[in-house]
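Welcome, and please open your viewer with the sequence panel beside it. We will hop from one selection to the next, and each stop says what to look for.

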Amino acid sequence: MKKRALLFFLIFSVSLLIVTSAKAPRLAGDGGEYLGMTVSFANHLGPDLTEKDIVKREEVIQANKLYWWEDGFNHFGYFKALNGQEYSYHFWAYSLASTFVYKILDLFNLNLLSTFQITNALLMILLLYWIIYRTKADKKAKTWLLLCYFLNPIWLYLPWTHPEIFSFVFLFLGLLQHIQKKRKSALLFIAIGSWQNPAIALVALYICLLELIDIFKNKKILKRHIFAAMISLSVFFPYAWYYIHYRMFSIIGDTYTGPINLQKAISLFIDPNMGLIVYSPFLAICLVVFIFKRNKEALIGFIILGLMALICSVQLNWNSGMQFINRYSVWMIPVVIVFLISAIKKLKNYKMWMTIHVVISGAVLLGCLVTYSSYSYVKNSGFANLIYSSIPGLYNPPYDVFVERALGYEVSDYKESLPIILATKDGVRKALINENTIITYTNSKNISLPTSRLFSLKSIAKESDIFKETNPNIFVSFLKGFYGLETNNEISYRWMSKNSKLILFNNSSSLIKELEFDLVSFYEPRDCKIYLNNVEVFSGIIGSNALTHVKLQLDMEQFIKITFDSDKDVSPSDVLGAQDGRPLSLSISNLSINS
């Protein structure tokens, strides 16, 4: 049995390292800053940013054909300290942990941006080793731990240049030591995990409270209590470091944080776009069930999770980069796993429940891996769209979450994008409006079956898209085939592929009589047909050297679909040798809608 376990561990570990090494790396979240600090440690054994570090960071990014910041933003996220050096507002523990891998890759002239995903893989291998070989537990407990290890949404963060896996692993290691009554090492691991995500320190506080209770019970202080207290102080290491360098405990400050927000805290668990209930439903349901059964460990775990969520809720940018599940939720999962061990072991039909765990958690994880996208954080999940389409009043997320996922891209100030409408061809389902400086949701009161597709619509404004003039009563949604907004010679336009669609929604009682726009073909002329609600209204050749003006007569209904169908598309990389690999056919600009 031990030989088979060792063989499995070695095969899995090697396979994981091969896969992560072969996968093309990318920057995610605040990856540019973590890369910068890693480069700094590799260059001069310190986290301070130098011009040499900036040049090397840019080399690594350009070698992967990625983009970070323009020259004026090379110091973004860094602040000058009392010693004259520049340090990041993100603590450097994860970057330091990644430096060894960086140096190895540099030694063999390999892709340096792969540093983080390989480091993440090594951390996950360390955790698997700890579960198998360093955790004393019976068969049921160990089976539970292994299933929760393999069927966990944390794997979605494996390619990230970010410390989610770092905090997840060290919190998990600390909790494994805690259940074995090894509190000194538990506190050390948990403190390390908290260096990148401070809310984890609450778990260390819980263990310290247990030590304090032990002191009162035995009416004496032992050496282990003193050592545990000393180790627990290491959670304050980042604050001490920043105080020494800046005379303040944190340099994130009011610019990036606000007051505690209960709605945000709750959303970490039940939000249909990013919550634990969606991406780890079996664990979430088990936690709720055992809370109602008054299981002591489940109740304690729930309290810890709630307090951690409240601390995380001070973040202003709540729809920040994430991979399906909120990145604050994902590293909290070890608390659920470990605090449910005793309750799970006592389940009747244990094997049946573990089979259900495998089926549900495996299906969710597989679904996320199949639909894996770097832009999942600016898309509504299928579950969220289902609610919006049927009972929209049931889900009122934080405003920035609603706006950015409706638009499909990040915005610096969501208020400037209002109003935003979600609609089906049967009418408006939900809207976020700004009326007399009061921002509020309006929801359709009709409960309906989600029988038609949900569209995100934004009001037409010349300064924000391809429209020639503002029309506050017309809303638009760019669908299949359209690319992002581009500007050249003060003209805004969008490229599209050979079959592209957009939706126009008329929110006024007056009919729209005329639709005008300019088209140009990429690289060479091509045939084009245009359909309004599947009825052909234009057929002709669009040239590639000059704009073709198109004018369509119509009596616009409330909801209209415009389809552009050309005979072919081609990418700039194929015909011009450029890096742009998008298949392009036509671009559209100067869209005008006339009554």
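Start by selecting Arg327 and Asp30: the two form a salt bridge, and their closest N and O atoms are 3.8 Å apart. A salt bridge here is a side-chain nitrogen of Lys or Arg within 4 Å of a carboxyl oxygen of Asp or Glu. This pair links distant parts of the chain, 297 residues apart, with Arg327 in helix H17 (residues 327-330) and Asp30 in the loop between H1 and helix H2 (31-44). By this rule the count comes to 9 salt bridges.

A word on what you are looking at: this is a predicted model, in which local features need pLDDT of at least 70 and side-chain atom pairs count only at pLDDT 80 or more, while totals for chains, interfaces and linings use all residues. Residues are numbered from 1 along each chain as its sequence is written, and side-chain values use heavy atoms, with hydrogens and water left out. Helices (H or I, at least four residues) and strands (E, at least two) are DSSP runs, numbered from the N terminus.

**Next stop: two helix pairs**

Select helix H1 (residues 2-22) and helix H5 (residues 115-134), whose axes come within 9 Å and cross at roughly 170°. Axes are lines fitted to C-alpha atoms, for helices over the stretch in contact, and angles run from 0 to 180 degrees between N-to-C directions. That makes H1 roughly antiparallel to H5, the word for angles over 145 degrees, whereas those under 35 count as roughly parallel, 65 to 115 as roughly perpendicular and the rest as oblique. Show side chains in the contact (heavy atoms within 4.5 Å): among them are Phe9 and Phe12 of H1 and Tyr129 and Tyr133 of H5.

Now move to helix H15 (residues 281-292) and helix H16 (residues 296-312), packed at about 120° with axes 8 Å apart. H15 and H16 are therefore oblique to each other. Which residues of H15 meet H16? Look for Leu287, Phe290 and Ile291, which meet Ala298, Leu299, Phe302 and Leu305.

**Last stop: the sheet**

Select the open sheet of 5 strands, with order E8-E9-E16-E11-E14 and antiparallel pairing; two strands pair if DSSP finds at least two bridges between them. Strand E8 (482-488) and strand E14 (548-553) stand at the edges with a single partner strand each, so one side of each has no neighbour in the sheet. Neighbouring strands are turned by 30° against each other on average, direction ignored.

Finally, zoom in on E8 and strand E9 (residues 491-496), antiparallel and joined by 5 bridges. Phe482 has Met496 in E9 as its bridge partner.
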